Amino acid sequence: ASVKVTKVCCIGAGYVGGPTCAVIALKCPHIQVTIVDLNQARVDAWNSPDFDLPIYEPGLVDVVKQARGRNLFFSTDVDKGIQEADLIFVSVNTPTKKSGVGAGFAADLNYVELATRRIAAVAHSSKIVVEKSTVPCRTAESMRTILEANSRPGCRFDILSNPEFLAEGTAIADLFSPDRVLIGSLQSPEGKAACESLAEVYANWVPKERILTVGLWSSELSKLAANAMLAQRISSINALSAICEATGANIDEVAHAIGFDSRIGPKFLRASVGFGGSCFQKDILNLVYLSESLHLPQVAAYWRQVVEMNEYQKHRFSKTVVDTLFNTITGKHIAVLGFAFKADTGDTRESPAITLVRDFLSERAYVTIYDPKVDDVQIWLDLAEACPNVPLENIKKQVTIARSSLEACKNKEAVVIATEWKEFREIDWQTVYEHMNKPAFVFDGRMIVDADVLKKIGFKVKVIGRGDRL
Ligand code: UDX
Ligand code: UDX
Ligand code: ADP
């Protein structure tokens, strides 16, 4: 029979664990939820009296305000969190390995392993352990081996895979009404019972028919597959955007037309300067690595091309900027609007803006960046990491951070839109134009400006996926 869950612990208070478990606490007042993390500063931010949370996500503050102190707690006491819980989410980071076997492709499972070993070391009672981090297939199996080899007598560990499909910027809405919740378990009676326990938690707010239960490995692979298919759609539309620019077709019209085919569907067909975020590239590279280790080189090559197309798209866009500005941007001043990888988040992981700025810097242009949500510190960290051979003080000679779009654009030759922030749709282009050097160029990597209106003002305009003249 399945255990009724009353105490949940989440290891890892990051982008996934934080919002997910805060929503579980909100929707399940009868369950005590403790989110633990080794990072004291992060935990302190989650506990901050004025709700200055470590991540920005629309609606998150409201959720935390309602549940924190009631049945939602944040702590650095990992061991106590583990000991008290009946169900533990493992939601730690799984970055791409930077060295060793599989460097640049394979997931670094060190954090998952350490967290798992900790559970085995300190648990006094049976636990359901839920793998929430995106991890390659069969990680659950490794977790199970570690737990079983180290458990005390009378302690049983059941492993579930429960990948999270939330997107940043809409995390709370996605968690409130998910397309589906996916739970993978062993098909043994114990595995199914554990699965039932977790399904009951979600059933507090998610309709039963949206809670899918599958095998452990299908669940793990589905997460990689979903992200790979989504990224593949973007690379496909971006590949078509290059054809549009070369022929005079319009990618917006093409996307609209193909999206009407119910087999294709209208969503996720926005051409862009490239996809970013912590998941797409990482998960595809995981899939590539997995395929290669399974001796499936053609499968690996197929998925690798999705990432290669994305790299191509980013560099193609920066090359368009250089080509259009009379084949040189040396000493020219460029405003980059947006640094986050998408709107409504302060997250910059794998943001295409980083690649653009690096390309502009290597052409020795001056760049001014404005983003409504990204901290200056983060911008400097990202640029330092992107240009490892350039000392930060030299980067700072070429880069300025502005406090508004208008300030960023003042006295510049060109404006590059890298993130689709709503406020960029509402820019007073007439005023911007008056303050720019002439001829004034706008490069829209997110299809948010009305090119005709801007041209009337006097701008030279290039929009991604549009082949029309400046
Ligand atoms: C993604 C998945 O959507 C989510 O289900 C998974 O759990 C984590 O990875 P996220 O990376 O937060 O979520 O954002 P998403 O909205 O998917 O956007 C990823 C990138 O693709 C962004 O850089 C975005 O700008 C870009 N994108 C998205 C496009 O360029 N065009 C589109 O049509 C959609
Ligand atoms: C296709 C397009 O569907 C249609 O819109 C266009 O006008 C002409 O090309 P058709 O080739 O007649 O139509 O058949 P379709 O049903 O699309 O199937 C094409 C092939 O894909 C078939 O061999 C089919 O077995 C295969 N297929 C289709 C799959 O293997 N898996 C699927 O999920 C769907
Ligand atoms: P994600 O986007 O997957 O949520 P993040 O990097 O935002 O990833 O968050 C992961 C969190 O997990 C970090 O705050 C990190 O400090 C925490 N963490 C990693 N390993 C452990 C561990 N063994 N115990 C507790 N917390 C951990």
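Student: Hi! Which helix gives the largest share of the shell around ligand 3?

Tutor: That is helix 5, residues 110-122, with four residues. Helices (H or I, at least four residues) and strands (E, at least two) are DSSP runs, numbered from the N terminus. This is a predicted model, where local features need pLDDT of at least 70, side-chain atom pairs count only at pLDDT 80 or more, and totals for chains, interfaces and linings use all residues. Residues are numbered from 1 along each chain as its sequence is written, while chains are lettered from A and ligands numbered from 1 in the order in which they are written.

Student: Thanks! Which residues come nearest to ligand 3?

Tutor: Gly-12, Gly-14, Tyr-15, Val-16 and Asn-93 do, out of 22 residues around it. A residue is near a molecule if its C-beta atom, placed from the backbone, lies within 6 Å of it. The shell around ligand 3 has 11 nonpolar, eight polar and three charged residues. Here Ala, Val, Leu, Ile, Met, Phe, Trp, Tyr, Cys and Pro count as nonpolar, Asp, Glu, Lys and Arg as charged, and the others, Gly among them, as polar.

Student: And what surrounds ligand 1?

Tutor: There are 19 residues around ligand 1, with Arg-270, Ser-272, Phe-275, Gly-277 and Cys-279 the closest. Helix 9 (residues 216-247) supplies the largest share of that shell, three residues. By class, the shell around ligand 1 holds 11 nonpolar, four polar and four charged residues.

Student: Let's zoom in on Gly-17. Where does Gly-17 lie, and why does it count as buried?

Tutor: Gly-17 sits in helix 1, residues 17-27. It counts as buried because it has 23 C-beta neighbours inside 10 Å. The rule is that 20 or more other C-beta atoms within 10 Å make a residue buried, 12 or fewer make it exposed, and anything in between is partly exposed, with C-beta atoms placed from the backbone.

Student: What is Gly-17 in contact with, leaving aside its neighbours within four places in sequence?

Tutor: Its contacts are then Cys-10, Gly-12, Ile-35, Phe-89, Ser-91 and Lys-132. Two residues are in contact if their C-beta atoms, placed from the backbone, lie within 7 Å. For another distance, Gly-17 and Asp-37 are 20 residues apart in sequence and 9.9 Å apart in space, C-alpha to C-alpha.

Student: Now the big picture. How many helices and strands does the protein chain have?

Tutor: The protein chain has 19 helices and 14 strands. Its C-alpha trace spans about 75 × 50 × 45 Å along the principal axes. Of its 470 residues, 46% count as buried.

Student: Which domains is the chain divided into?

Tutor: Domain 1 covers 7-206 and domain 2 covers 307-463, with bounds from an automatic or database domain assignment. Five residues from domain 1 and seven residues from domain 2 make the contact. On the domain 1 side, those residues are three nonpolar, one polar and one charged. The domain centres, taken over C-alpha atoms, are 37 Å apart.

Student: One more: is helix 13 mostly covered or uncovered?

Tutor: Mostly covered, as 10 of the 11 residues in helix 13 (residues 352-362) are buried. Among those buried are Pro-352, Ile-354, Leu-356 and Phe-360. The elements covering them include helix 12 (297-324), strand 9 (333-337) and helix 14 (376-386). After helix 13 comes Arg-364, with a positive phi near 60°.
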